[in-house]
Each structure stands twice: as structure tokens, then as C-alpha cells.
Amino acid sequence: MHFLSEQLEDYIAEHSENEPELLAELSKETHQKILQPRMLSGHFQGRVLSLLSKLIAPKRILEIGTYTGYSALCLCEGLADGGQLDTIDIKEELQDFQRKYFERSPYNDQIKQHLGSAIDIIPTLEGPFDLVFIDADKENYQNYFELVLPKMRKGGIILSDNVLWSGKILEEAKANDKSTLKLQQYNQHLKNDKRVETVLLPIRDGLSVCRVI
């Protein structure tokens, strides 16, 4: 679902920072070779992630849901000297693709890949994290949030992607549509949770920004 016309989306991208060449190449290959390329953050949202990371200058970043590595590389652009990004994905078949682009970037030594269930891996990671990006299976968003919150530094930022879910969050969730129902519950949870302050931004498919109080 496009919340803005394609012309406006093109205008926004054209008047934002240019997409780095490596990321443009990653995007092109993802669309050519990988299933569900719509999952890619893309030029505009990638520049948003990059700028937010640069504003925070995080020493530790956690990404839940790597896909082909585009958003990880965007987030790494703001890493403090000596900083590290941990990224978790459950799809083994994507690891070589991710690694190929990580190795070609300036951030290869700062990226640590984790393969497996984020529910199992997050408890094994030491914090504190300055920035977390949640972009994996929607049914577990609230579980991920609760696992990472105790590992966040005060003032840290938790980003959650796809929280508008192509506009489905405005509809009554069907009985078999667990993702929509869980996202509706998650958005309300973020609104009510006094441990964070939240703004939901209508960027692409919806991006929640939570600041840990």
C-alpha cells in the first residue's frame, strides 16, 4: 500500500541524501535474486536509518532481522569508533549474501552476524545497547521489545519497522491474520508503556521511534 503517490515518493528520494553505490548494488541484486525484495529498507528509509544512527552515534547496535543486510549497513554509518552492530536472522540461506556485502563495506569488522531465533539469541547478548532496530516476524515484536528493553541504556532508541502494515492496522484483524492483530496490540502497547516515549512515523510502511526513559 502506498500512503503517498509514487511521484511524491520519487520526489522525496530525489531530495534526500543519495543512496551509496554499494547499497544501490545490494538493492539491485536483492531484487534480481532474492524472494520478497519488498522487505528491503530501500533508498529513502535507509537514509532515515543512517541519519538517526549518526544523530545517536551508538557504540552498540542490535538489529533483529537482517534480510540481505541493507539496513545493517545503513545503521553502521553512524557507529562510534570501535562500535559494534549485532544482527540476527533465522535464514541460513541469506548469510553468504549478507557477508558478501558486509565484507565490501568499511564496517565488516564491526558487524557480528547471529544465525537462529532472536528469542533465543537476545538473552545471550550483553548490553547496553544504544540503538535497536526490530524488523523480523511481526508476531514476536512485543516479545523482542521486552527482551531488549532491559538491555538498553537510558535514552537509547528502539526502532520498529512495518508498524502500519500496509494500512491493515486500521482494519479488524481476521482470525487467521495473526501478524495484523499482533501489530495492533504492539502499537497500543508502545503508546501505553511508561518506560518509553514513542512517536509513530509514517515513513514507508510505518516506523516507530521509542526513546527509553
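Trainee: What should I keep in mind about the numbering and the model before we start?

Mentor: Residues are numbered from 1 along each chain as its sequence is written, and, this being a predicted model, local features need pLDDT of at least 70 and side-chain atom pairs count only at pLDDT 80 or more, whereas totals for chains, interfaces and linings use all residues. Side-chain values use heavy atoms, with hydrogens and water left out.

Trainee: How many helices and strands does the protein chain have?

Mentor: The secondary structure comes to 8 helices and 7 strands, where helices (H or I, at least four residues) and strands (E, at least two) are DSSP runs numbered from the N terminus.

Trainee: And what is the radius of gyration of the protein chain?

Mentor: The protein chain has 16 Å, which agrees with the value near 17 Å that a compact globule of 213 residues would have; the radius is taken over C-alpha atoms, and the globule rule is 2.2 Å times the number of residues to the power 0.38. Along the principal axes, the C-alpha atoms fill a box of roughly 45 × 45 × 35 Å.

Trainee: How much of the protein chain counts as buried?

Mentor: Of the 213 residues, 49% count as buried, with buried meaning under 20% relative accessible area, exposed over 50% and partly exposed in between (1.4 Å probe, protein chains only). Among contacts (heavy atoms within 4.5 Å) between residues at least 6 apart in sequence, 70% join residues at least 24 apart.

Trainee: Changing topic, how many aromatic pairs are there?

Mentor: The search of the whole structure finds 3 aromatic pairs; rings of Phe, Tyr and Trp (its six-membered ring) pair if their centres lie within 6.5 Å, and planes under 30 degrees apart count as stacked, over 60 as edge-to-face and the rest as tilted. One of them joins Phe97 and Tyr101, a tilted pair with 5.4 Å centre to centre and 40° between the planes.

Trainee: Where do Phe97 and Tyr101 lie?

Mentor: Both are in helix α5 (residues 95-104), 4 residues apart, about one turn of the helix, and both Phe97 and Tyr101 are buried.

Trainee: Which residue lies over the face of Phe97?

Mentor: Lys100 does, at 5.4 Å from the ring centre; a charge sits over a ring if NZ of Lys or CZ of Arg is within 6 Å of the ring centre and within 35 degrees of the ring normal.

Trainee: What about Tyr141 and Tyr186, how is that pair arranged?

Mentor: Tyr141 and Tyr186 form an edge-to-face pair, 5.4 Å centre to centre with 80° between the planes. Tyr141 lies in helix α7 (residues 141-148) and Tyr186 in helix α8 (residues 178-192), so the pair ties together parts that are 45 residues apart in sequence. Tyr141 and Tyr186 are both buried, and together with Phe145 they form one aromatic cluster.

Trainee: On to charges: how many salt bridges does the search find?

Mentor: There are 12 salt bridges in the whole structure, each a side-chain nitrogen of Lys or Arg within 4 Å of a carboxyl oxygen of Asp or Glu. Among them, Arg104 pairs with Glu25, the closest N and O atoms being 2.8 Å apart; Arg104 lies in helix α5 and Glu25 in helix α2 (residues 21-33), so this pair ties together parts that are 79 residues apart in sequence.

Trainee: Are Arg47 and Glu77 buried or exposed?

Mentor: Both are buried, and their side chains meet in a salt bridge of 2.8 Å, N to O.

Trainee: Which residue meets Asp130 in a salt bridge?

Mentor: Arg153 does, at 2.6 Å, N to O, linking strand β4, which holds Asp130, to strand β5, which holds Arg153, 23 residues apart. Asp130 is buried, with a relative accessible area of 10%, while Arg153 is partly exposed at 29%.

Trainee: Last topic, the backbone: which peptide bond is cis?

Mentor: The bond from Gly127 to Pro128 is cis, with omega near 0°, and Pro128 sits in the loop between α6 (118-121) and β4 (129-134). Most residues other than glycine have a negative phi, and most peptide bonds are trans.

Trainee: Where is Trp165 found, then?

Mentor: Trp165 is in the loop between β5 (152-161) and α8, and Trp165 has a positive phi of about 50° although it is not a glycine.
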